[in-house]
Amino acid sequence: MSVRTARTAGASRPDLVADAALALLAGRGMRGLTHRAVDEAAGLPQGSTSNVARTRQALLELAVRRLAEREARVLGLHEMPDPRAGAGPLTDAMALATHRALSRNRELTLARYELALEATRRPELRAHFDAAGAQFRELLTGLVTGLGSTDPDRHSLSLIAWADGLMFSCVAGSFSARVPTLEEVRASLGELLDGILATRRAPDG
């Protein structure tokens, strides 16, 4: 399978290498990720990837860091509303972020699954993968806290597990033939948030 990544004007050499690595992970899987293949996919002279990331571990760590940067833009972390505005705006923002990952950013999501599985076999990569994901967990925990969650850590885990499960099912699982609409994603997410916040609204006794 031929993999070729677009050259972004002004992108640094490490970013070009990391983007090519992510494209290869999505298109060929972990076994298709080699330094030579990255050179080819990035349109760089042979040996360029080795100059940026000498070992396979260094290349995987570079890919994890780049994945976190790109997913932050896909998920629109800077666009998340103030939780004081209520659950509606947060539901809208989270549904849009999830739908972006399901639709036009499916390749990036597939690459994340490849790296997540590899991290289970490489403790040193697991540390980098978990650190990169901490920004998402911390942000979400803060958002549900602001909404009045009675158990922010558990509730943020529920939301992340829901999003991860939906993305896996629709990108790599048995529902991959059909991407849910933004409206469907929002409806499901709204039901989950309503359940989480119901404990806050429940009367005593």
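Predicted model: local features only at pLDDT ≥ 70, side-chain atom pairs only at ≥ 80, totals over all residues.
**Pocket lining and nonpolar cores**

Two or more lining residues come from each of α4 (56–74), α5 (87–102), α6 (106–119), α7 (123–146) and α8 (152–171). Sorted by class, 24 of the lining residues are nonpolar, four are polar and six are charged.

The largest nonpolar core contains 31 residues, and the members that touch the most others are Leu22, Leu25, Leu33, Val38, Leu59 and Leu115. Elements supplying two or more residues to this core are α1 (13–28), α2 (35–42), α4, α6 and α7. For Leu59, contacts beyond its neighbours within four places in sequence are made with Val17, Ala21, Leu33, His35, Val38, Thr49 and Ala53. Another core, of 24 residues, lies apart from the largest one, and includes Ala101, Val144, Cys170 and Val171.

At the level of the whole chain, nine helices and zero strands are assigned. The C-alpha trace spans about 70 × 35 × 35 Å along its principal axes. Of the 205 residues in the chain, 45% are buried. Among contacts with a separation of 6 or more, 67% join residues 24 or more positions apart. The accessible surface of the chain is about 10600 Å², with 54% of this area belonging to carbon and sulfur atoms.

How values were computed. Residues numbered from 1 in each chain as written. Heavy atoms only, no water. Helix = DSSP H or I, 4+ residues; strand = E, 2+ residues; numbered from the N terminus. Nonpolar A, V, L, I, M, F, W, Y, C, P; charged D, E, K, R; others polar. Core = buried A, V, L, I, M, F, W, Y, C linked by side-chain atoms within 4.5 Å. Buried < 20%, exposed > 50% of the residue type's maximum accessible area, 1.4 Å probe, protein only. Contact = heavy atoms within 4.5 Å. Areas by Shrake-Rupley, 256 points an atom, 1.4 Å probe, with all protein chains shown as cover.
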